[in-house]
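Subject: Structure handover: pockets and cavities

Hello,

Here is the structure for you to look at.

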Amino acid sequence: MTSQVVEAAEPAADGVHVVIIENMRFSPAELTVKRGEHVVWINKDLFPHTATANSRAFDSGSISPNASWSYVANTVGNYSYVCTLHPTMSARLTIR
Amino acid sequence: MKTTLALVAATLILGATAGAGDLPTDPQIVAIVVTANQVDIDAGKLAESKAAAKEVKDFAKLMVTDHTGVNNTAKDLAAKLKVAPESNATSKSLQQGGDKNLASLKALSGAEFDRAYVDHEVAYHQAVLDAVDQALIPGAKNAELKALLVKVRPAFVAHLAHAKQLQASLVKGGG
């Protein structure tokens, strides 16, 4: 649930994948990572979003504007996820 | 009923700008944006306390949060650009439409309130979206103001789809 402000221009480190939340979309909408890597969602919209697996395998809780949420992809699987606040927003994270 | 609401809302918002092909000026656009967000925040606050169904309450809370976020950004940008909001026929119509909506919602309760609130949200978001596309984005002179309008447009699209989903579920549930 911890959120921290991230500089927009911060480059992703090795083993760190970034998903930008902006314009009511997750970008990229499909992301595949290796087990143990980190995924960081950065909210660039003007209001909160969440990144929540339909299975609830992960759930960011509310990510404030200009804040981010980091997740360690520890469990192999194929996860559809949504913003629980905005039901039109969905994407997919594959961990292998 | 829904069509009537949509027409009324669209007329209210576009009435002043769609006529002679005159596009609003930046100070007018700021006033329209701030008023449009504020009337939906006010309706959302009422619905947060009065709505019967949980999903309607949740939607109302979301509208308050999202439109407050947009409005704070719009106000900050206007201050930065030193653009003072200029009240105009469109912003006044929006305010009057918002006041009228609040008055009629206050007289309702339960499932009737939920349906009326959600019906109005569908009409309102459609009308604002039309205004954004037809008057506000084409009219905006300042690049940052135009960029803000372009940035918030997807939120109105998503809110409209969300409100339509709710509308369909309320009809389906008979609630």
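A pocket here is an open set of points on a 1 Å grid over the protein atoms alone, with protein on both sides within 12 Å along at least five of seven lines; lining residues have an atom within 4 Å of a point. A cavity is a set of points where a 1.4 Å probe fits but cannot get out.

The model is predicted: local features need pLDDT of at least 70, side-chain atom pairs count only at pLDDT 80 or more, and totals for chains, interfaces and linings use all residues. Residues are numbered from 1 along each chain as its sequence is written, and chains are lettered from A in the order in which they are written.

**Second largest pocket**
Its lining has 18 residues. A:Thr84, A:Leu85, B:Asp58, B:Phe59 and B:Leu62 lie nearest the centre. By class, the lining has six nonpolar, eight polar and four charged residues. (Ala, Val, Leu, Ile, Met, Phe, Trp, Tyr, Cys and Pro count as nonpolar, Asp, Glu, Lys and Arg as charged, the others, Gly among them, as polar.)

**Cavities**
The whole structure holds four cavities of 30 Å³ or more. (A volume is the space filled by probe spheres set on the points, which are joined across faces, edges and corners.) The largest cavity has about 90 Å³. Of its 13 lining residues, B:Val33, B:Ala36, B:Val128, B:Val132 and B:Leu136 are closest to the centre. That lining has 12 nonpolar, one polar and no charged residues.

The second largest cavity has about 70 Å³. Its lining is nine nonpolar residues, with no polar and no charged ones. B:Leu77 and B:Leu148 are among them.

Best wishes

Notes
Side-chain values use heavy atoms; hydrogens and water are left out.
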